[in-house]
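Colleague: I have this one open on my screen. Can you walk me through it?

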Amino acid sequence: MTAVELEAVVCHEPDESELNHFSDNGAKTVVYQLLDQKSSERRWLSERFLRWRRRYLPVDGDNRRDHGSVKQSGPLVSGAAYCISSCSMIILNKIVLSSYNFNAGISLMLYQNLISCLVVAVLDISGMVSVEKFNWKLIRVWMPVNVIFVGMLVSGMYSLKFINVAMVTILKNATNIITAIGEVYMFRKRQNNKVWAAMFMMIISAISGGITDLTFDAVGYSWQLANCFLTASYSLTLRRVMDKAKQSTKSGSLNEVSMVLLNNLLSLPFGIILIILLGEWRYVISTDVTKDAMFWVVATASGFLGLAISFTSMWFLHQTGPTTYSLVGSLNKVPISLAGLVLFNVPLSLPNLFSILFGLFAGVVFARAKMS
């Protein structure tokens, strides 16, 4: 029953035919009094209902206000989901690659993406989600995004292998700078002076952090720099390709679940080719760590988180934009850095700790500058 229909029922007035059952004038008087009382009660209920409806089921002008609050809460919810999945993913990947000393980042990426594909396929078969039918036109449009996606995942794996979590999160600030510059050239979006000042602070923190890093590794830093470029390129390209990809489908739409499946499904052949070319499959077959049951538990959990971060990142990017997507990623560096320092017993010097804290502060300044 709709709100309008419910209101009509509550506001219904007594019919005159109800009095035809009484012939006595005195009885009619009593009945009129009872009906007046009943009508008064109904009017009171109607007023209460209207007040409740305006508060919880707004219509017309109020409806626009309600939609506005939902629209405002959308980025908040999607951003929180993205942060939680992102933080958990980085910590678990660090455990798999460093704590278990697993030297096959591409194989781990392939396993995680395979899990994502299987989970989405099961949800689609069970009718819990709806997945768009893919065609070659859509695949051709999406291919650039997928190539960058694979590069982003692989470079992120190898940077985590060689660099501690705290420094990885600080160095990721460079992604914000690259993304903001890309927005200027690709989307003609201007950044205010506060944003550029915050970016300068990020550069200073990244340079000072690298100089004072007691566990500095040139290979790891190179992988992280590549990851920053690829992550920025991914968010910018994804934003640009989304509308074109929707036009390449039969229905003219492409929901987040379909994008997640498309991204992970297309990454499988790329991963297999890289594993064969780099000879990583020999290591996976011969290493003892793959015989450890707990290793597979952690790796599988990271696979489920890979699906979560794929979904939440696209959801959040739909709600906001590439720069906001990157700045929220910079804000969640605070819990990631603290957790990384505590969980992995990272050796620290006072200047390096100061650089990390300064980088986190620069991320907060950047966020405030973007919100102003």
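**A quick tour**

Modeller: Start with N93. Beyond residues up to four places away in sequence, N93 touches L108, Q112, M157, L160 and S302. A contact here means heavy atoms within 4.5 Å. One caution: this is a predicted model, where local features need pLDDT of at least 70 and side-chain atom pairs need 80 or more, while totals for chains, interfaces and linings use all residues. Residues count from 1 along each chain as its sequence is written, and side-chain values use heavy atoms, leaving out hydrogens and water.

Colleague: Which helix is N93 in?

Modeller: N93 is in helix α3, residues 60-99. Helices are DSSP runs of H or I with at least four residues, strands are E runs of at least two, and both are numbered from the N terminus.

Colleague: Is N93 buried or exposed?

Modeller: N93 is buried, at 7% relative accessible area. Buried is under 20%, exposed is over 50%, and partly exposed is in between, using a 1.4 Å probe on protein chains only.

Colleague: How far is N93 from A301?

Modeller: Their C-alpha atoms are 9.8 Å apart, yet 208 residues separate A301 and N93 along the chain. A301 is in helix α12, residues 293-319. A301 is partly exposed, with 32% relative accessibility.

Colleague: What about F304? Where does that one sit?

Modeller: F304 is in helix α12 too. F304 is partly exposed, at 45%. Leaving aside neighbours within four places in sequence, F304 contacts I115 and V119. From F304 to S85 the C-alpha distance is 9.6 Å, although they are 219 residues apart in sequence.

Colleague: Step back a bit. How many helices and strands does the protein have?

Modeller: The protein has 15 helices and zero strands. Of its 372 residues, 46% count as buried. Take the contacts between residues at least 6 apart in sequence: 87% of them join residues at least 24 apart.

Colleague: Where does UniProt put the feature "transmembrane region"?

Modeller: The unreviewed UniProt entry places it at residues 108-129, 141-160, 195-212, 259-281, 293-317 and 350-369. Those positions follow the numbering used here, feature names are shortened, and annotations may be inferred rather than shown by experiment.

Colleague: Switching topic. How many cavities of 30 Å³ or more are there?

Modeller: There is one. A cavity is a set of points on a 1 Å grid over the protein atoms alone where a 1.4 Å probe fits but cannot get out. The volume of the largest cavity is about 680 Å³; volume is the space filled by probe spheres set on the points, which are joined across faces, edges and corners.

Colleague: How many of the lining residues are polar?

Modeller: The lining of the largest cavity has 20 polar, 13 nonpolar and two charged residues. Ala, Val, Leu, Ile, Met, Phe, Trp, Tyr, Cys and Pro count as nonpolar, Asp, Glu, Lys and Arg as charged, and the others, Gly among them, as polar.

Colleague: Okay, I170. What does I170 touch?

Modeller: Not counting residues up to four places away, I170 touches S205, A206, K333, I356, G359 and L360. I170 lies in helix α6, residues 165-171, and is buried at 1% relative accessibility. I170 and K333 are 163 residues apart in sequence, with C-alpha atoms 7.3 Å apart.

Colleague: And I178? Which helix holds that one?

Modeller: Helix α7, residues 173-186. I178 contacts C228, F229 and A232, leaving aside neighbours within four places in sequence.

Colleague: Last one. Which side chains meet in a salt bridge?

Modeller: D288 and K291, at 3.8 Å from N to O. The structure holds one salt bridge, defined as a Lys or Arg side-chain nitrogen within 4 Å of an Asp or Glu carboxyl oxygen. D288 is exposed at 59%, and K291 is exposed at 66%.

Note on methods: 1 Å grid on protein atoms, 1.4 Å probe; cavity = no way out; pocket = protein on both sides within 12 Å on 5 of 7 lines; lining within 4 Å.
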